[in-house]
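Colleague: I have a new model open and want a quick tour. Can you walk me through it?

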Amino acid sequence: MAPPTRQPQPAPDSPRSSLSPAPAGLQGDLEMELFALANALYNLGTTVINDSTKERDKPGGGKQVGLRVNDVVSHLSNLDEMAQHVSTRIPMQILADIDNSRNPMQLTKERLERAATENQFMNGKISAITSYRRLLDEAIVQSFPELESELNGQSSGTQ
């Protein structure tokens, strides 16, 4: 039995294809164009690195960068044309976060955790105030028994 052949693994920083197929229609076309742009940018980066090393002395090495740049510009032009037909709005904060190399999924997770923490904190405050009010009502009833009916009517109305 022949040993299993191993598929070469892509570089860890290279763009990889998605496991799920692109959706149909304009959104799918846009997604595929973005994927093609990511590949073109990756190819441009590797070409620039190769040209700046020992491979730059090979014949035709300098022309590759220009071709790669033209490929990137072509994809950007296609995206600009496609953008005219897309009505989806993206908040500027998300774009700024991406520009600042922040992962939107991580930011969403952090904001949800912060909201949950603040919610627990507020629930603790509400619980403390409710407990304080109950203790205060008990103390008032002990000192002023004639106010008990007034406090019971007010407590049941607010709860």
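This is a predicted model: local features need pLDDT of at least 70, side-chain atom pairs count only at pLDDT 80 or more; totals for chains, interfaces and linings use all residues.

Colleague: What does the secondary structure come to?

Modeller: Five helices and zero strands. From the N terminus on, the order is α-α-α-α-α.

Colleague: How much of the chain counts as buried?

Modeller: Of its 159 residues, 11% are buried. The chain exposes about 13,300 Å². Carbon and sulfur atoms supply 57% of that area.

Colleague: And what share of the contacts join residues at least 24 apart?

Modeller: That share is 51%, counted among contacts between residues at least 6 apart in sequence.

Colleague: Take helix α1. How far apart are its end C-alpha atoms?

Modeller: They are 37 Å apart. The helix covers residues 26–51, which is 26 residues, so at 1.5 Å a residue it should span 38 Å. The two values agree.

Colleague: Which residues in α1 are buried?

Modeller: Gly-28, Glu-33, Leu-37, Ala-40, Leu-44, Thr-47 and Asp-51.

Colleague: Stay with Thr-47. What does its side chain join in a polar contact?

Modeller: The side chain of Arg-68, at 3.0 Å. Thr-47 has a relative accessible area of 8%, under the 20% cut-off, so it counts as buried.

Colleague: Which residues is Thr-47 in contact with, leaving aside its neighbours within four places in sequence?

Modeller: Gln-64, Val-65 and Arg-68.

Colleague: New topic. How many salt bridges does the structure hold?

Modeller: Five. As background, side chains of opposite charge can pair when their charged atoms come close.

Colleague: Which residue does Arg-111 form a salt bridge with?

Modeller: Asp-97, with the closest N and O atoms 3.7 Å apart. Arg-111 lies in helix α4, residues 104–143, and Asp-97 in helix α3, so the pair ties together parts that are 14 residues apart in sequence.

Colleague: Is Asp-97 buried or exposed?

Modeller: Asp-97 is buried, at 3% relative accessible area. Arg-111 is partly exposed, at 48%.

Colleague: Which residues are linked with Arg-111 in a network of salt bridges?

Modeller: Asp-97 and Arg-102.

Colleague: What about the salt bridge between Asp-137 and Arg-133? How are the two placed in the helix?

Modeller: Both are in helix α4, four residues apart, so about one helical turn separates them. The N to O distance is 4.0 Å. Asp-137 is buried, with a relative accessible area of 14%. Arg-133 is partly exposed, at 30%.

Colleague: And which residue does Glu-138 meet in a salt bridge?

Modeller: Arg-134, at 3.8 Å from N to O. This pair is also four residues apart in helix α4, which means about one helical turn lies between them.

Colleague: How accessible are Glu-138 and Arg-134?

Modeller: Glu-138 is partly exposed, with a relative accessible area of 41%. Arg-134 counts as partly exposed too, at 46%.

Colleague: Last topic, the surface. Which residues make the nonpolar patch?

Modeller: Ile-90, Met-92, Ile-94, Leu-95 and Ile-98. The patch is about 470 Å².

Colleague: Where is Ile-98 found?

Modeller: In helix α3, residues 92–99. Ile-98 has 45% relative accessibility, so it counts as partly exposed. Asp-97 is in helix α3 as well, but Asp-97 is buried.

Note on methods:
Residues are numbered from 1 along each chain as its sequence is written. Side-chain values use heavy atoms; hydrogens and water are left out. Patches are made of residues with over 30% relative accessible area and no salt bridge: like charges are joined within 9 Å, nonpolar side chains (Val, Leu, Ile, Met, Phe, Trp, Tyr) within 5 Å. Accessible areas come from the Shrake-Rupley method with a 1.4 Å probe; for residues, only the protein chains shown count as cover. A salt bridge is a side-chain nitrogen of Lys or Arg within 4 Å of a carboxyl oxygen of Asp or Glu. Buried means under 20% relative accessible area, exposed over 50%, partly exposed in between (1.4 Å probe, protein chains only). The expected span of a helix is 1.5 Å times one less than its number of residues. A polar contact is a pair of N or O atoms within 3.5 Å; within protein, one must be able to donate a hydrogen and the other to accept it, and residues adjacent in sequence count only if both atoms are side-chain atoms. Contact means heavy atoms within 4.5 Å.
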